[in-house]
Amino acid sequence: MRSVWCQPDRPAGRGRQLTSPAVKLLAERHGLPVCQPEHFKSVEQRDELAGYKPDVLVVVAYGLILPQAILEIPRLAPINVHASLLPRYRGAAPIQRAIMDGCERTGVSIMHMNVGLDTGPIYAMREMEIGEHTGGSLHDALAQLGGTLLVTVLTDIADGRARAVPQSGADTSYAPKLSKADGKINWNAPACVVHAQVRAVTPWPGAHAVLCLPPRMEGGVARELPVAFAPGEPGGQRPAGVAAGSLWLGADGALSLVCQDGLYGVSCLRPAARSFMAAKDFIHGFLAPGAKGVCGRAM
């Protein structure tokens, strides 16, 4: 008998309304029983899971470390689909950290679970190029890749063909959970590093900064404006004598942020309490008419 186990409903969104995990909603549409324990510390919760007499436990982004007593329940194997090429990027945010670090390739690993953090032996891996993916789009692409590979591994396990190989001890790294602080951009970094960070934190926590803007009209006052950035494009030479973090409006009307070694072109940005807008609309709405060169600074 199949069942789905996921974390409890949690408050989410600006209204902090109680929200069900997506996997729960999908399971309910397919008529599968759903269990949502806070943890697996009680004997009763362990016995409930054992009562299903599972052949296999399949764990994907569950967010809880399972104790040995749980891992011993399935008849054949407890397996995990992890979104990295283990042993690189063990931990909570392998997708985003791989993008941030400028990796050219990543992938999925399907492993036999043990009590360590993503340390179990590997049944199978598949690679893919990262390219210009954001954290969100790479998540979706790896989900498709992992789902396909999972079916193959489950078939091999059921047929007795599966073999799990211990992870290499070389090239091990850890991918800590993202926080809102990861979205604050360091404009003193090279433009390619900025681009990788912006892509990695899209859609969450989002790339953000506070812009210090000069008065829009003569006699006005300077303003501080919190903004979020969509992925842009690195390119263009750093203007001579202009500090990193400066908001730069070129002669061609392109809006950029000055980085350590060049410019980072802004495509779309979202001022506080507004929707995302094209850079040209931001220029018309927030910068002084006829502005050129340095027209603000990011903090």
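Colleague: Where is the place of A61?

Modeller: This is a predicted model, and in it A61 sits in the loop between β5 and α3 (68–71). Its phi is near 50°, a positive value in a residue other than glycine.

Colleague: Why is A61 called exposed?

Modeller: The relative accessible area of A61 is 75%, and the term exposed applies over 50%, so A61 is exposed.

Colleague: Is Y89, which also has a positive phi, buried or exposed?

Modeller: Y89 has phi near 60° and is likewise a residue other than glycine, and it lies in the loop between β6 and β7. Its relative accessible area is 5%, whereas buried means under 20%, so Y89 counts as buried. The loop between β6 and β7 (90–91) also holds P87, which a cis peptide bond joins to L86, with omega about 10°.

Colleague: What makes I110 a buried residue?

Modeller: I110, which lies in strand β8 (residues 105–112), has a relative accessible area of 0%; since buried means under 20%, I110 is buried. Beyond residues up to four places away in sequence, I110 touches I79, N80, V81, P121, I122, Y123, A124, G146, L149, L150 and V153.

Colleague: Why does T106 count as buried?

Modeller: T106 is also found in strand β8, and its relative accessibility of 4% falls within the range under 20% that defines buried, so the label holds for T106. Leaving aside neighbours within four places in sequence, T106 is in contact with residues including A83, S84, R126, E127 and L142.

Colleague: How do you know that β6 and β8 pair?

Modeller: Pairing requires at least two bridges between the strands, and four bridges join strand β6 (residues 77–82) to β8, so the two count as paired; they run antiparallel, and N80 stands opposite M111 in β8. The sheet they belong to is an open one of four strands, in the order β5-β6-β8-β9, with mixed pairing.

Colleague: Why are β5 and β9 placed at the edges?

Modeller: β5 (56–59) and β9 (122–129) each have a single partner strand, so one side of each is left without a neighbour in the sheet. The twist averages 15° from one strand to the next, and helix α5 (residues 135–159) lies across β5, β6, β8 and β9, running at about 150° to β9.

Colleague: Which residues lie nearest the centre of the second largest pocket?

Modeller: They are P203, W204, P205, G206 and R270, from a lining of 14 residues, and β11 (207–213) and β12 (223–229) are the elements that give two or more residues to that lining. The pocket has a volume of about 320 Å³, and its lining divides into nine nonpolar, three polar and two charged residues. The peptide bond from W204 to P205 is cis, with omega near 0°, and P205 is found in the loop between α6 and β11.

Conventions: Residues are numbered from 1 along each chain as its sequence is written. This is a predicted model: local features need pLDDT of at least 70, side-chain atom pairs count only at pLDDT 80 or more; totals for chains, interfaces and linings use all residues. Side-chain values use heavy atoms; hydrogens and water are left out. On a 1 Å grid over the protein atoms alone, a cavity is a set of points where a 1.4 Å probe fits but cannot get out, and a pocket is an open set with protein on both sides within 12 Å along at least five of seven lines; lining residues have an atom within 4 Å of a point. Grid points are joined across faces, edges and corners, and a volume is the space filled by probe spheres set on the points. Ala, Val, Leu, Ile, Met, Phe, Trp, Tyr, Cys and Pro count as nonpolar, Asp, Glu, Lys and Arg as charged, and the others, Gly among them, as polar. Buried means under 20% relative accessible area, exposed over 50%, partly exposed in between (1.4 Å probe, protein chains only). Contact means heavy atoms within 4.5 Å. Axes are lines fitted to C-alpha atoms, for helices over the stretch in contact, and angles run from 0 to 180 degrees between N-to-C directions.
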